[in-house]
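What follows is a guided reading of one structure, taken from its open space to its strands and then to its rings.

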Amino acid sequence: MSQKVRNENVQFLIKKCAPSVLAISLEYPRKFGLEGRALIGFATGFVVDAENGLVLSNKHVVQDGIVRAKGVFLHHKDKPEVPLLPIYRDPVHDFGFFRYDVGLISKDIIQAISLFPEGAQVGTPVVIFGNQQKSHLSFQRGSILDT
């Protein structure tokens, strides 16, 4: 595959997937009496079910304790922001789900990314999305090393 074709494929994936990507900010409160502020973290998630407001992220992002999480759709002009509620954290694999209230955001601007686990084969090219502390989306090209 030529470099030009690879670049065109990456640009296509970015254009298709970026509207479904959220920059997630997390705030973990500290126990009463401890000095300092709450811990703050940043992550990335993907809408996988726009009708039900389901967002897929990494397991360590979807905490099982008290967390205040918000997602921002950075690719959209108005950068809509929604509160996120952790709903599932897989006990074995590296994923978890948040849910947002679909009534808080216009449904016509959010599209879900379809999951295709059968396509996850060693050597398959991928585009990995991230964000720079909620300021803009970033991406890197790579390939699947293990399944």
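Helix 1 (3-17), strand 2, strand 3 and strand 7 (125-131) each give at least two residues to the lining of the largest pocket. Helices (H or I, at least four residues) and strands (E, at least two) are DSSP runs numbered from the N terminus. Strand 7 supplies the largest share of this lining, 5 residues.

The model is a predicted one, in which local features need pLDDT of at least 70 and side-chain atom pairs count only at pLDDT 80 or more, while totals for chains, interfaces and linings use all residues. Residues are numbered from 1 along each chain as its sequence is written, and side-chain values use heavy atoms, with hydrogens and water left out.

The largest pocket has a volume of about 1,300 Å³. Its lining has 30 residues, and Leu115, Ala120, Val126, Val127 and Ile144 lie nearest the centre. By class, 18 of the lining residues are nonpolar, 9 polar and 3 charged. On a 1 Å grid over the protein atoms alone, a pocket is an open set of points with protein on both sides within 12 Å along at least five of seven lines, a cavity is a set where a 1.4 Å probe fits but cannot get out, and lining residues have an atom within 4 Å of a point.

There is also 1 cavity of 30 Å³ or more. Ala50, Tyr100, Val102, Ile105, Lys107 and Ile110 line the largest cavity, whose volume is about 30 Å³.

Two strands pair if DSSP finds at least two bridges between them; strand 2 (residues 39-49) and strand 3 (residues 54-57) pair over 3 bridges. Within this pairing, Phe46 stands opposite Leu56 in strand 3.

The whole structure holds 4 aromatic pairs. Rings of Phe, Tyr and Trp (its six-membered ring) pair if their centres lie within 6.5 Å, and planes under 30 degrees apart count as stacked, over 60 as edge-to-face and the rest as tilted. Phe73 and Tyr100 are edge-to-face, at 6.2 Å centre to centre and 80° between the planes. Phe73 lies in the loop between strand 4 (68-72) and strand 5 (81-89), and Tyr100 in the loop between strand 6 (96-99) and strand 7, so the pair ties together parts 27 residues apart in sequence. Both Phe73 and Tyr100 are buried (under 20% relative accessible area; exposed is over 50%, partly exposed in between, with a 1.4 Å probe and protein chains only).

Conventions. Points joined across faces, edges and corners; volume = space filled by probe spheres on them. Nonpolar A, V, L, I, M, F, W, Y, C, P; charged D, E, K, R; others polar.
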